[in-house]
Each structure stands twice: as structure tokens, then as C-alpha cells.
Amino acid sequence: GAVVSQHPSRVICKSGTSVKIECRSLDFQATTMFWYRQFPKQSLMLMATSNEGSKATYEQGVEKDKFLINHASLTLSTLTVTSAHPEDSSFYICSASTPGQSTQYFGPGTRLTVT
Amino acid sequence: AQTVTQSQPEMSVQEAETVTLSCTYDTSESDYYLFWYKQPPSRQMILVIRQEAYKQQNATENRFSVNFQKAAKSFSLKISDSQLGDAAMYFCAYRILSNFGNEKLTFGTGTRLTIIP
């Protein structure tokens, strides 16, 4: 149990375009989903926390207008990188949890390359 | 603010031997969770083991065990009978205890473990 999927696993886009990444909890209802960014050989950096049906809470320094997060259902959250630039190239990981559950379960990640 | 420190950027161990990865943390909370996550080359984060701070007994999962020293704020991971598949980046993580499910994790910087055949 506790499986989280992400789609796509890899995406290449041109500078200036937008790209959407989906995060789904497959076998449980995730009231909270988290979005992380990971640079090569570094730890995970939390970008934002999203609760189903409400606005996401962004970490300091993360541009909310650039990284749009929507958590419209208990099984789906999306991260849209708007007007992507090469410096947005990174590995993006989502995780999900639910009340009473101490553990976050992670998706397999999405590698974004902006050319 | 809570912080998690992993002082060993890299470790290596001979296959079938035992290795211990270190983690210390700083918090003013009395109730919290500690985790070890593994990130293999596939980059999928995998939960290795979890410890509730209110439990004195050290958590164990097969070949993985922890040495939780609450007063010293230390949470080390011991891997026994190391296997090639254990090669990965290991992250120590902390979160406060709540039932809301929306508490964020604080990660350490990671320790890269290499298994020598």
C-alpha cells in the first residue's frame, strides 16, 4: 500500500513554455501533498505544502506565481512551472500523507530539463 | 527551528559487514518522529525505518536498526550484513508529532553509502 505516482517521469521543454507535473496517491486519500526540488547530489528542498481544497503554503524564497500548485482532489496534486527557464531544470519530487499517518510517501520524481 | 545534521557525506563498507550512519538533530519539541529514507540511483525515496520519540525501544526492520539517544539528540542507523542493493544516498529526517498529516519533514544533507564487493 501507500503508492504515489508522478507523471511524467521526464520532460524536456523550451524556455518560456509551461509544464505540468502530476502527483497521484494510488491507494489512499492524501489530504496533504508536498512538493520538493532536488539538485544533483543535494538534499530535498521543500517548495510547498498543499492541502486538498485550499491554497498551497509556499516556503520562503519560492515564487508562488512561477510554481503553481493545485490540490483539487484527495488523490491528485499538480505542479505547474510557468514560463520555464533553464535554471528551473531540476528533479521534482512529490510526497503525500494523510491525518493520523506519520509517514510521507514519495513519488518517483520528475526530471525537468528546460532548453 | 529544527535542524538535522549528517556529518558523514560518504561512507563505504565491505559486503556482508556492518556500517553505522550518524545523524544528530536539534529541536525544542518533546514529541516527534525520526526517519531514515534511502534514495538509490533510481532516485525513488524509500522509507527505511521510523522512530517515535516517545518510544524508548529502538526501532528495527530486518537488517536495519537505529540507536536513538533522545537526550543526546542522536539517531544513528545500523545496517547489518550489508548487501549490494543497500548502495544509496541515505537521508535522516525529522518531523514534529501531530495527527494532522501536514507537518513537513526536515532533511539532513545525506550520506552516500557505497558497498564494496
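This is a predicted model: local features need pLDDT of at least 70, side-chain atom pairs count only at pLDDT 80 or more; totals for chains, interfaces and linings use all residues.
Tyr36(A) belongs to a cluster of linked ring pairs with members from chains A and B.

**Aromatic rings**

- Searching the whole structure turns up 15 aromatic pairs, counted over all chains.
- One of them is Tyr36(A) with Phe107(B): the ring centres sit 5.9 Å apart and the planes make an angle of 80 degrees, so this is an edge-to-face pair, for which the planes must be over 60 degrees apart.
- That pair joins two chains, because Tyr36(A) is in strand β4 (residues 32-38) of chain A, while Phe107(B) is in strand β11 (residues 106-107) of chain B.
- Phe107(B) has a relative accessibility of 11%, so it counts as buried.
- Phe107(B) also pairs with Phe106(A): here the centres are 6.2 Å apart and the planes are at 65 degrees, so this pair is edge-to-face as well.
- The Phe106(A) pair crosses between chains, running from strand β10 (residues 105-106) of chain A to Phe107(B) in strand β11 of chain B.
- Phe106(A) has a relative accessible area of 5%, so it is buried.
- Zooming out, ring pairs tie Tyr36(A) and Phe106(A) into a cluster with Tyr33(B), Phe35(B), Tyr37(B), Phe91(B) and Phe107(B).

**A charge over a ring**

- Arg43(B) is placed over the face of Phe91(A), and the distance to the ring centre is 4.0 Å.

**Salt bridges**

- Over all chains, a search of the whole structure gives 7 salt bridges.
- In chain A, the side chains of Glu22(A) and Arg24(A) form one, with an N to O distance of 3.5 Å.
- Glu22(A), at 24% relative accessibility, counts as partly exposed, and Arg24(A), at 34%, is partly exposed too.
- Lys104(B) and Glu59(A) meet through their side chains in another salt bridge, at 2.9 Å from N to O.
- This one crosses between chains: Lys104(B) is in the loop between β10 (88-96) and β11 of chain B, and Glu59(A) is in the loop between β6 (57-58) and β7 (67-73) of chain A.
- Lys104(B) counts as partly exposed at 37% relative accessibility, and Glu59(A) is partly exposed with a relative accessible area of 21%.
- In chain B, the side chains of Arg50(B) and Glu52(B) make a salt bridge of 3.5 Å, N to O.
- Arg50(B) comes out as partly exposed at 34% relative accessibility, whereas Glu52(B) is buried, with a relative accessible area of 10%.
- Salt bridges link Arg50(B) and Glu52(B) with Lys55(B) in a network.

**Chain A as a whole**

- Chain A has 11 strands and 0 helices, so reading along the sequence gives the pattern β-β-β-β-β-β-β-β-β-β-β.
- Its radius of gyration is 13 Å, close to the 13 Å from the globule rule for 115 residues, so chain A is as compact as a globular protein of that length.
- Along the principal axes, the C-alpha atoms of chain A fill a box of roughly 40 × 25 × 20 Å.
- Buried residues make up 51% of the 115 in chain A.
- Taking contacts in chain A with a separation of 6 or more, 54% come from residues 24 or more positions apart.
- The accessible surface of chain A is about 5400 Å², and carbon and sulfur atoms account for 51% of that surface.

**Asp88(A)**

- Where does Asp88(A) lie in chain A? You'll find Asp88(A) in the loop between β8 (76-81) and β9 (90-97).
- Is Asp88(A) buried or exposed? At 4% relative accessibility, Asp88(A) counts as buried, because the cut-off is under 20%.
- Setting aside neighbours within four places in sequence, Asp88(A) is in contact with Arg37(A), Lys66(A), Phe67(A), Val81(A), Ser83(A), Leu112(A) and Val114(A).

How values were computed
Residues are numbered from 1 along each chain as its sequence is written. Chains are lettered from A and ligands numbered from 1 in the order in which they are written. Side-chain values use heavy atoms; hydrogens and water are left out. Rings of Phe, Tyr and Trp (its six-membered ring) pair if their centres lie within 6.5 Å; planes under 30 degrees apart count as stacked, over 60 as edge-to-face and the rest as tilted. Helices (H or I, at least four residues) and strands (E, at least two) are DSSP runs, numbered from the N terminus. Buried means under 20% relative accessible area, exposed over 50%, partly exposed in between (1.4 Å probe, protein chains only). A charge sits over a ring if NZ of Lys or CZ of Arg is within 6 Å of the ring centre and within 35 degrees of the ring normal. A salt bridge is a side-chain nitrogen of Lys or Arg within 4 Å of a carboxyl oxygen of Asp or Glu. The radius of gyration is taken over C-alpha atoms; the globule rule is 2.2 Å times the number of residues to the power 0.38. Contact means heavy atoms within 4.5 Å. Accessible areas come from the Shrake-Rupley method with a 1.4 Å probe; for residues, only the protein chains shown count as cover.
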